[in-house]
Amino acid sequence: MQEPDLTTPDSKKAMDNVRSLLSFIGEDPTREGLLDTPARVVKAMHEHFWGYGADPYEPLQRTFSEVEGYDELVLLKDIEIHSHCEHHMVPFVGKAHVAYIPNGRVVGLSKLVRVVDIFSKRLQVQEKLTAQIANAINETLRPHGVAVIIQARHFCMCYRGVRQSGATTTTSKLHGSFLTNPASRMELFTLIGQGG
Ligand SMILES: [Zn+2]
């Protein structure tokens, strides 16, 4: 990932806006400890939201067909998620489990992680993130089934509003045989470790 160019008009405007926010909360943006804060915030934004500059369908283009006819479930568990909610622009963090049942073609496991990363590094709601990952895999690989399950803690729930610091949210999006075949679904949830 490239460092952002802080000398462009857009970057300067963004840094000015951070100074405005600092004033808004009652701070003095010119005091020593805050002088570099606008630049740091803009750099952090660049890191948190690089997903807008990447195509989530691109990593799924390179597939392999020489898998000796393997057509059973492939599950990638515990992919770390660091995203930001689009309502408050604060983090939500957790884990994604991505599973699919190949239909003649498989994709490198790191590519699945890449797809999760690209969608995560945008402003999100967890439900949308879950569906976007599942739909991208479904549309490109055309597998027999796709399942994406995300468990996450939302910081906006921890420190504001309802103040539920321990609450986790689980979302799932299923396609194909995970929807139509109870045995596939059972195998999936057993492998993930959530019972039947
Ligand atoms: Zn929120």
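**Entry 1: the whole chain**

What share of the 196 residues of the chain count as buried? I looked this up first, and 27% count as buried. I note at once that this is a predicted model. The chain averages a pLDDT of 92. I also read that 94% of the residues score at least 70.

Next I took the extent of the C-alpha trace. Along its principal axes it spans about 65 × 40 × 20 Å. Among contacts with a separation of 6 or more, 69% join residues 24 or more positions apart.

**Entry 2: domains and elements**

I looked up the domain assignment. It gives domain 1 as 9–48 and domain 2 as 64–192. The centres of the two domains, taken over C-alpha atoms, are 34 Å apart.

Then I listed the elements. I found 7 helices and 7 strands. Along the sequence they follow the pattern α-α-β-β-β-β-α-β-α-β-α-β-α-α. Helix α5 (residues 155–159) has the lowest mean pLDDT of the elements, 75. Strand β5 has the highest, 98.

Is S23 buried or exposed? I found 12 other C-beta atoms within 10 Å of S23. A residue counts as exposed at 12 or fewer, so S23 is exposed. I also checked S23 against A99. They are 76 residues apart along the chain, and their C-alpha atoms are separated by 47 Å.

**Entry 3: the sheet**

I turned to the strands. In general, strands of a sheet pair through backbone hydrogen bonds, either parallel or antiparallel. Here I found an open sheet of 5 strands with mixed pairing. The order is β5-β2-β3-β6-β7.

I followed β2 (residues 74–85) to its partners. β2 and β5 run parallel and are joined by 2 bridges. β2 and β3 run antiparallel, with 9 bridges between them. Then I went residue by residue. H84 stands opposite P91 in β3. In β5, the bridge partner of H84 is L123. C85 stands opposite Q124 in β5.

**Entry 4: two positive phi values**

Which residue in the hairpin of β2 and β3 takes a positive phi? M89 does, near 55°. The hairpin has 5 residues between the strands. M89 is in that loop, and it is not a glycine. I counted 12 other C-beta atoms within 10 Å of M89, so M89 is exposed.

D78 gave me another case. Its phi is near 60°, a positive value in a residue other than glycine. D78 sits in strand β2. With 11 other C-beta atoms within 10 Å, D78 is exposed.

**Entry 5: helix α3**

Last, I looked at what covers these strands. Helix α3 (residues 109–120) lies across β2, β3 (91–101) and β5. It runs at about 20° to β2. α3 has 12 residues and reaches 17 Å from its first C-alpha to its last. That is close to the 16 Å expected at 1.5 Å a residue.

Which residues of α3 are buried? I found L112, V115, V116, D117, I118, F119 and S120. I had in mind that an α-helix has 3.6 residues a turn, so residues three or four places apart point the same way. What do the buried residues of α3 pack against? I traced them to β2, β3, β4 (106–107), β5 and α4 (126–141).

How values were computed
Residues are numbered from 1 along each chain as its sequence is written. This is a predicted model: local features need pLDDT of at least 70, side-chain atom pairs count only at pLDDT 80 or more; totals for chains, interfaces and linings use all residues. Domain bounds come from an automatic or database domain assignment. A residue is buried if 20 or more other C-beta atoms lie within 10 Å of its own, exposed if 12 or fewer, and partly exposed in between; C-beta atoms are placed from the backbone. Helices (H or I, at least four residues) and strands (E, at least two) are DSSP runs, numbered from the N terminus. Two residues are in contact if their C-beta atoms, placed from the backbone, lie within 7 Å. Two strands pair if DSSP finds at least two bridges between them. Axes are lines fitted to C-alpha atoms, for helices over the stretch in contact, and angles run from 0 to 180 degrees between N-to-C directions. The expected span of a helix is 1.5 Å times one less than its number of residues. pLDDT is the predictor's confidence in each residue, from 0 to 100.
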